[in-house]
Amino acid sequence: ASIQVALSRRSPYVKSPHRVSGLMLANHTSIRDLFARIAQQYDKLRKRDAFLDNYRKLPIFADDLSEFDESRDVLHELIEE
């Protein structure tokens, strides 16, 4: 997907007190696939408790790793939107 931005001194369509006008069109549909892939990779690592030893040494994660699970839930909500 490409992103195009057009800048002009004055918009011929909209009267504005500003000297510069801009328009951006973007396609964000493929970000959902990226988030889904990240979630799958996270689930595999979390299932094995891989790479979590350093986090467990920190005081905030000493009791549990619920912060990671809450972040995963937020990511799932983004995917479902």
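1. Three helices and two strands make up the protein, where helices (H or I, at least four residues) and strands (E, at least two) are DSSP runs numbered from the N terminus. Along the sequence they come in the order β-β-α-α-α. Bear in mind that this is a predicted model: local features need pLDDT of at least 70, side-chain atom pairs count only at pLDDT 80 or more, and totals for chains, interfaces and linings use all residues. Residues are numbered from 1 along each chain as its sequence is written, and side-chain values use heavy atoms, with hydrogens and water left out.

2. On burial, 11% of the 81 residues count as buried (buried is under 20% relative accessible area, exposed over 50%, partly exposed in between, with a 1.4 Å probe and protein chains only). As for contacts (heavy atoms within 4.5 Å), residues 24 or more positions apart account for 28% of those with a separation of 6 or more.

3. Helix 1 checks out on length.

4. Now the pairing of helix 1 with helix 3 (residues 66–80): their axes come within 10 Å and cross at roughly 150°. That makes the two helices roughly antiparallel (angles over 145 degrees count as roughly antiparallel, under 35 as roughly parallel, 65 to 115 as roughly perpendicular, the rest as oblique). Axes here are lines fitted to C-alpha atoms over the stretch in contact, with angles from 0 to 180 degrees between N-to-C directions.

5. Who meets whom there? On the helix 1 side, Arg32, Phe35, Ala36, Ile38, Ala39, Tyr42, Asp43 and Arg46 meet Phe68, Asp69, Arg72, Leu75, Leu78 and Ile79 in helix 3. By class, the residues of this contact are nine nonpolar, no polar and five charged (Ala, Val, Leu, Ile, Met, Phe, Trp, Tyr, Cys and Pro are nonpolar; Asp, Glu, Lys and Arg charged; the others, Gly among them, polar).

6. Arg72, in helix 3, deserves a look: at 19% relative accessibility, Arg72 counts as buried. Neighbours within four places in sequence aside, Arg72 is in contact with Ala39, Tyr42 and Asp43.

7. Lastly, the loop between helix 1 and helix 2 (53–56) holds Asp49, the residue that follows helix 1. Asp49 has a positive phi near 55° without being a glycine, and is partly exposed at 33%. Phe51 is in that loop too; Phe51 is likewise not a glycine, yet has a positive phi of about 65°, and at 68% relative accessibility counts as exposed.
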